[in-house]
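Please open the model in your viewer and keep the selection panel at hand. The stops below say what to select next and what is there.

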Amino acid sequence: MSTIETIANVVSIIGTCCGLFSRIPQVYQTYTTKSANDLSKETLMINITANSCFLFYTIVHGQYPIMFNCLSVITLESSLIYMKKKYDKIKKSSSETSLVDMDQIT
């Protein structure tokens, strides 16, 4: 194996790890705060679609480390969509209610 291929493999592993860990902070924050208001469901769906397409490519070419990354990102993005559906139904506390809405309530 040539030096450039070795470097490319190392860079690929670093990129795979970065991709794998990039969504974990968002999943953790959404879970702990029980708030998903700022998440775009459309963006999450696009990321799932993109990673599904890339997953197909990695399966065909037998690129197993990257395949693991794709599956992990799909799982994390799917969990964010689930939490968005679940936590969007939670009623806002009085501190999150706008003053205009409060005027209409009273």
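**Along helix α3**

The model is a predicted one, in which local features need pLDDT of at least 70 and side-chain atom pairs count only at pLDDT 80 or more, while totals for chains, interfaces and linings use all residues. Residues are numbered from 1 along each chain as its sequence is written, and side-chain values use heavy atoms, with hydrogens and water left out.

Next select Leu44, Ile48, Asn51, Leu55 and Thr58, the buried residues of α3. Seen down the helix axis, the buried residues of α3 fall within an arc of 90°, so they line one face of the helix; the arc is that of the directions from the helix axis to the C-beta atoms.

Now show the whole of α3, residues 41-61, where helices are DSSP runs of H or I with at least four residues, numbered from the N terminus. With 21 residues, α3 reaches 30 Å from its first C-alpha to its last, close to the 30 Å expected at 1.5 Å a residue, the expected span being 1.5 Å times one less than the number of residues. Just after α3, select glycine 62, which takes a positive phi of about 65°.

**The aromatic pair**

A search of the whole structure finds one aromatic pair. The ring centres of phenylalanine 54 and tyrosine 57 are 5.9 Å apart and their planes are at 5°, so the pair is stacked; rings of Phe, Tyr and Trp (its six-membered ring) pair if their centres lie within 6.5 Å, and planes under 30 degrees apart count as stacked, over 60 as edge-to-face and the rest as tilted. Both residues lie in α3, three residues apart, about one turn of the helix. Phenylalanine 54 is partly exposed at 38% relative accessible area, and tyrosine 57 is partly exposed at 40%.

**Threonine 30**

Finally, move to helix α2 (residues 24-33) and select threonine 30, which is buried, with a relative accessible area of 1%. Beyond its neighbours within four places in sequence, threonine 30 is in contact (heavy atoms within 4.5 Å) with Ser35, Ala36, Leu39, Leu80, Met83 and Tyr87.

How values were computed: Helices (H or I, at least four residues) and strands (E, at least two) are DSSP runs, numbered from the N terminus. Buried means under 20% relative accessible area, exposed over 50%, partly exposed in between (1.4 Å probe, protein chains only).
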